[in-house]
Amino acid sequence: MPARSIRVLVAEDYPPFRRVLVSMMQSRPGLQIICEVEDGPEAVQKAEALQPEVVLLDIGLPRLNGIEAARQIRNLSPKSKILFVSQESSADIVQAALETGAKGYVVKADAGRELIPALEAVLRGQTYVSKSLSGHGLTNVPDRSAIHVAEIHHGLETRRQPGLQSTRHHEVGFYSDDRALLDGYTRFVGAVLKSRNAAIVVATELHREELLARLQAYGLDMTAAIEQGRYIALDNEETIATFMVNDLPDPAKVSKVTVDLIARAAKSVEREHARVAACGECAPLLWERGNTEAAVRLERLWDEMARSYGVQVFCGYPLGSFQGGTGSYTFERICAEHSRVLSW
C-alpha cells in the first residue's frame with residue numbers, strides 16, 4: 001500500500017454494510033474515506049467534484065445503477081480507479097461491470113477477507129476479482145453499450161431488465177423466541193396465500209407443523225392450498241443436503257433446487273403474473289452450526305433468485321446465535337445481504 005494518503009469515495013446504499021466497509025478501510029493506514037454516498041447520481045457528482053483515487057461502487061444503487069455510474073465516472077474522473085463491491089455474482093453482470101474499465105470486483109460475502117487485498121491490487125494497477133468467481137471465464141474487455149442478461153430456464157422469465165433496476169424483496173427477521181418467529185411467518189405466508197398466490201416454506205418439522213396450524217386458524221383453507229400446489233413445505237436439513245458441496249452451497253445445485261421450486265409454485269397460480277414468496281431456515285441453520293461463510297453465501301444466492309424472478313424472500317434468525325449481539329460484525333454481514341431488516 002502506498003505511504004501517501006489514498007482518497008476513497010464509497011457508494012453503497014445500505015447503511016449497515018457501508019459501515020462495515022468504512023470500518024475495514026479505516027483500520028488500514030494510508031486510506032482516507034473522503035465521502036460516503038447512497039445513490040448513483042450522487043456517486044457521479046461527488047467523483048467529478050472530488051476526483052478520488054479510488055471509488056468503491058455497489059451495483060444495485062438507487063436512481064442510477066452502479067454499472068452506468070461507473071461509465072459516467074470514467075469520463076468525468078478518468079484517474080479514479082473503480083472497485084465494485086456487490087452481491088451480484090452472475091458471470092454476465094460481473095463481466096459487464098469489468099467492461100466499464102473498473103479495476104476490480106469483490107463479492108460482498110467475500111469482502112471481509114478480500115476488500116483490502118483487492119484495494120492493494122487495484123492501487124498497484126492490477127485487476128482483482130473475488131476468488132469465489134474463479135471459473136467464470138471473466139475478462140477485462142472494452143465497454144459495451146448495453147447489458148444483455150439471458151433468460152433463465154424452466155419457462156420462468158427473469159424479472160431483471162437491462163440497467164439492473166430490478167426490484168429486490170429479500171427481508172430478514174431476528175426473533176427472540178419461536179413464538180415471535182412463527183408470528184412473523186404467519187403474517188408473511190398468510191398474506192401471500194390470502195391473495196391467491198403461492199408460498200414456499202423451508203423449516204424444521206416443528207415449525208412447519210405449528211405454522212400449518214396457525215395458517216388454518218388464520219382462516220385459510222390449507223388443504224386446498226396444498227392440493228393446488230400453492231403451499232409447498234420442505235424440511236430445511238433435507239433441503240440443505242441437496243446443494244452442499246465441501247460444506248459450502250454449490251451455486252449450480254442451489255439454482256436448480258430453487259428454480260425448480262419457484263417454477264412448481266408459479267404453475268399453481270391461475271393468473272398471468274404469478275407471485276411466489278419463500279421463507280425459511282436454511283441459511284439460519286448453517287449459521288447456528290457455525291458455518292458462517294456458507295450462510296452468507298447462501299443468502300447471496302437467495303438474493304439473486306429474489307432479484308431475478310421477483311420472488312419475495314423472508315429469512316428468520318434467532319438473535320441468540322449472534323455473539324456480540326446486534327452490533328457485531330457477523331450480524332452486520334447478514335443484514336448486508338438483505339433489503340430490509342426486522343426485529344421481534
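The questions and answers below go through a predicted model, from its overall make-up to single residues.

User: How are residues numbered, and which pLDDT cut-offs apply?
Analyst: Numbering runs from 1 along each chain as its sequence is written. In this predicted model local features need pLDDT of at least 70, totals for chains, interfaces and linings use all residues, and side-chain atom pairs count only at pLDDT 80 or more, while side-chain values use heavy atoms, with hydrogens and water left out.

User: How many helices and strands are there in the protein?
Analyst: Helices (H or I, at least four residues) and strands (E, at least two) are DSSP runs, numbered from the N terminus. On that basis the protein has 13 helices and 14 strands.

User: What percentage of the residues is buried?
Analyst: Buried means under 20% relative accessible area, exposed over 50%, and partly exposed in between, with a 1.4 Å probe and protein chains only. Of the 344 residues in the protein, the buried share is 54%.

User: What share of the contacts with a separation of 6 or more joins residues 24 or more positions apart?
Analyst: A contact means heavy atoms within 4.5 Å. Among contacts in the protein with a separation of 6 or more, residues 24 or more positions apart account for 76%.

User: Which residue in β4 is the bridge partner of Leu 56?
Analyst: Strand β3 pairs in the parallel sense with strand β1 (residues 6-11) over four bridges, and with strand β4 (residues 81-86), also parallel, over four bridges. On the β4 side, the partner of Leu 56 is Leu 83.

User: Which residue in β5 stands opposite Ser 86?
Analyst: β4 pairs with strand β5 (residues 104-107) in the parallel sense, over four bridges. Opposite Ser 86 stands Val 107.

User: Which residues of β3 point the other way from Val 54 and Leu 56?
Analyst: In a regular strand the side chains alternate between the two faces of the sheet. Strand β3 (residues 54-57) has Val 54 and Leu 56 pointing one way, and all four of its residues are buried. Those pointing the other way are Val 55 and Leu 57.

User: What is the handedness of the β-α-β unit made by β3, α3 and β4?
Analyst: A crossover is right-handed if, with the strands pointing away from the viewer, the path from the first strand over the helix to the second runs clockwise. Helix α3 (residues 66-76) is the helix of this unit, and the unit is right-handed.

User: What does α6 reach from its first C-alpha to its last?
Analyst: The expected span of a helix is 1.5 Å times one less than its number of residues. Helix α6 (residues 178-194) has 17 residues, for which 24 Å is expected. The model gives a reach close to that, 23 Å.

User: Which residue caps the N-terminal end of α10?
Analyst: Helix α10 (residues 251-267) has 17 residues. A side-chain oxygen of the capping residue lies 3.2 Å from the backbone nitrogen of Ala 252. The cap is Asp 250.

User: Is Asn 236 buried or exposed?
Analyst: Asn 236 is found in helix α9 (residues 236-241). Beyond four places in sequence, Asn 236 touches residues including Val 202, Arg 208 and Glu 281. Because its relative accessibility is 3%, Asn 236 counts as buried.

Conventions:
Two strands pair if DSSP finds at least two bridges between them. A polar contact is a pair of N or O atoms within 3.5 Å; within protein, one must be able to donate a hydrogen and the other to accept it, and residues adjacent in sequence count only if both atoms are side-chain atoms.
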